[in-house]
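Please read the points below with the sequence and the model side by side. Each point takes up one topic.

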Amino acid sequence: MSDCRVVLTGLGTLNPLAQNVDDFWAALLACKSGIRPIERFDAGAFTSRIGGEVLNWPGLPKDIVDPREARRMDRFAQLAVASAIEAVADSG
């Protein structure tokens, strides 16, 4: 195994528990769970109807990404970009 150094300079998250690192950490310490019945789509065709989904997220800020460009992005990509923006801001 090679010795590899990794340096974390900033943190960012957008997940079922919270939409920023501070709220996420507080939810973890409070032993909260982000797993609940799925609401974003009809899960009736699946054997499991529970999961972790990001709810009440307003979307990417208009000053960061053009709304037309954001509509062309898949939701997972929007969530990743939002987390990356938070991580860069956190890194200073």
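Which residues does Val 54 touch, not counting residues up to four places away in sequence?

1. Val 54 touches Leu 14, Asn 15, Pro 16, Arg 40, Arg 75 and Leu 79. Contact here means heavy atoms within 4.5 Å.

2. A word on the source: this is a predicted model, in which local features need pLDDT of at least 70 and side-chain atom pairs count only at pLDDT 80 or more, while totals for chains, interfaces and linings use all residues. Residues are numbered from 1 along each chain as its sequence is written, and side-chain values use heavy atoms, with hydrogens and water left out.

3. Val 54 also belongs to the largest nonpolar core, which has nine residues. A nonpolar core is a set of buried Ala, Val, Leu, Ile, Met, Phe, Trp, Tyr and Cys residues joined through side-chain atoms within 4.5 Å. Buried means under 20% relative accessible area, exposed over 50%, and partly exposed in between (1.4 Å probe, protein chains only). In soluble globular proteins, nonpolar side chains tend to be buried together.

4. The structure holds one aromatic pair. The ring centres of Phe 41 and Phe 46 are 6.1 Å apart and the planes stand at 80°, so the pair is edge-to-face. The rule is that rings of Phe, Tyr and Trp (its six-membered ring) pair if their centres lie within 6.5 Å; planes under 30 degrees apart count as stacked, over 60 as edge-to-face and the rest as tilted. Phe 41 is partly exposed at 45% relative accessible area, and Phe 46 is partly exposed at 47%.

5. There are two salt bridges, each a side-chain nitrogen of Lys or Arg within 4 Å of a carboxyl oxygen of Asp or Glu. One joins Arg 68 and Asp 66 at 3.3 Å, N to O. Asp 66 is partly exposed, with 36% relative accessibility.

6. The side chains of Glu 69 and Arg 72 also form a salt bridge, at 3.4 Å, N to O. Both residues lie in helix H2 (residues 67-72), three residues apart, or about one turn of the helix. Helices are DSSP runs (H or I, at least four residues), numbered from the N terminus. Glu 69 is partly exposed at 40% relative accessibility, whereas Arg 72 is exposed, with a relative accessible area of 62%.

Definitions and conventions:
Helix = DSSP H or I, 4+ residues; strand = E, 2+ residues; numbered from the N terminus.
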